Amino acid sequence: MSGSTQEEEDLPANHTGPKGVINDWRRFKLDSVDQTVPQSKRELLRQMSTPREDDKERVNRKMSVQEYELIQEEDERVLKRYRKQCMQEMHERLSFGPKFEAVYELDSGEAFLEVIEKEHRLTLVVVHIYENGVEGCEQLNSCLDCLASEYSTVKFCRIDAVATGAAERFSSEVLPTLLVYKAGELLGNFLAVTKHFSEEFFATDVEAFLNEYGLLPEKDFAACPDDDDEGGDVE
C-alpha cells in the first residue's frame, strides 16, 4: 500500500482540506450501504469507495453495464444523503436565537405591545389579527400553525381584534390582518390579506406571499422531507 493511500485512510473524520473531504465522503458512503444489500454488491461498492492495492486488478477491469448502473445509482443516492447531512450540520452551526415552533395566542393589547417591543431584535414577529366568524380567519390560523413548525425562529402570534383594545381600527372589512415586525419596527402591514389568495388557500400560498416581500428567513432544514426515508428512488 502506498504512503499516499495510507495517509488518506488514516485521516480522521471531518478533516478539512481536499483529502479530508474525500475521506469523509468515503466513510459516509460505506456507512450508508444498506446491510440488506447482497454481499457481492456491498463488496463492489467497497472496492469503489476505498480502493486498495490488492483490489487494483478488479477495479481497473472494464465494468459490465449492470455494475456501472449499480454504482451510479448507489453513488447518486449516497451523495444526496451526504450533501443533506453537510447542509444540516452547517445550518445547525449557523442557527441562533430562540425557537418557537408554535403560534402564540395574545390575550390583550398589553401582550401585543410586549411581544413587539421586547422580543429579541433578530426575531421576526408575525401577528395575525382575526375575528371569529370572519371569512378567511380560521383558514389563515391553520396556515400559520403549519408555518410555525417550519420556521421555528419566527414568532407567529394571533390576537382577537377585540382583545387588541382597538377593535374600531380592525373592523371585519380589514380582517384577517397580518402585521410583521422586527426589532420593534413594522415591516409589513397587510389588511384583508386573504384578498391576495384564492378562495381556497394553503400554507404554501401564505409562505409564497410573505416571501414575495422578503419577510421570511430560510426554512428549517429539518422540515424538508427526506425522499430516501421512504425508500423512494432517486430521480
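The following questions and answers go through a predicted model of one protein chain.

Student: How are residues numbered, and which pLDDT limits apply to this predicted model?

Tutor: Residues are numbered from 1 along each chain as its sequence is written, and side-chain values use heavy atoms, with hydrogens and water left out. Totals for chains, interfaces and linings use all residues, whereas local features need pLDDT of at least 70 and side-chain atom pairs count only at pLDDT 80 or more.

Student: How many helices and strands are in the chain?

Tutor: Helices (H or I, at least four residues) and strands (E, at least two) are DSSP runs, numbered from the N terminus. Along the sequence they follow the pattern α-α-α-α-α-β-α-β-α-β-β-β-α. The count is 8 helices and 5 strands.

Student: In what order do the strands of the open sheet lie?

Tutor: Strands of a sheet pair through backbone hydrogen bonds, either parallel or antiparallel. Two strands count as paired if DSSP finds at least two bridges between them. The open sheet here has 5 strands with mixed pairing, in the order β1-β3-β2-β4-β5.

Student: Which are the edge strands?

Tutor: An edge strand of this sheet pairs on one side only. From one strand to the next, the twist averages 25°; angles run from 0 to 180 degrees between N-to-C directions, with axes as lines fitted to C-alpha atoms, for helices over the stretch in contact. The edge strands are β1 (103-106) and β5 (185-190).

Student: Which residue in β4 does Val126 stand opposite?

Tutor: Strand β2 (residues 124-130) and strand β4 (residues 177-182) run antiparallel and are joined by 6 bridges. The residue in β4 opposite Val126 is Val180.

Student: At what angle to β2 does α7 run?

Tutor: Helix α7 covers residues 137-150 and includes Cys146. This helix lies across β1, β2, β3 (155-160) and β4. Its angle to β2 is about 160°.

Student: Is Cys146 buried or partly exposed?

Tutor: Buried means under 20% relative accessible area, exposed over 50%, and partly exposed in between (1.4 Å probe, protein chains only). The relative accessible area of Cys146 is 33%, so Cys146 is partly exposed.

Student: Which residues are in contact with Phe156, leaving aside its neighbours within four places in sequence?

Tutor: Contact means heavy atoms within 4.5 Å. With the neighbours within four places left aside, the residues in contact with Phe156 are Ala102, Val103, Tyr104, Val126, Leu144, Leu147, Ala148 and Tyr151.

Student: Which peptide bond is cis, and what is its omega?

Tutor: Pro176 is in the loop between β3 and β4. The bond from Leu175 to Pro176 is cis, with omega near -5°.

Student: Is Ala183 buried or exposed?

Tutor: Ala183 is in the loop between β4 and β5. Its phi is near 55°, a positive value in a residue other than glycine. Its relative accessibility is 56%, so Ala183 counts as exposed.

Student: Is Ala192 buried or exposed?

Tutor: Ala192 is found in the loop between β5 and α8. It is not a glycine, yet it has a positive phi of about 45°. Its relative accessibility is 14%, so Ala192 counts as buried.

Student: Why is the pair of Phe190 and Tyr213 called tilted?

Tutor: Rings of Phe, Tyr and Trp (its six-membered ring) pair if their centres lie within 6.5 Å; planes under 30 degrees apart count as stacked, over 60 as edge-to-face and the rest as tilted. The centres of the Phe190 and Tyr213 rings are 5.0 Å apart. Their planes stand at 55°, so the pair is tilted.

Student: Which residues do ring pairs link into a cluster?

Tutor: The rings of Phe197 and Phe201 have centres 5.0 Å apart and planes at 35°, so this pair is tilted. Both Phe197 and Phe201 are buried. The cluster consists of Phe190, Phe197, Phe201, Phe209 and Tyr213.
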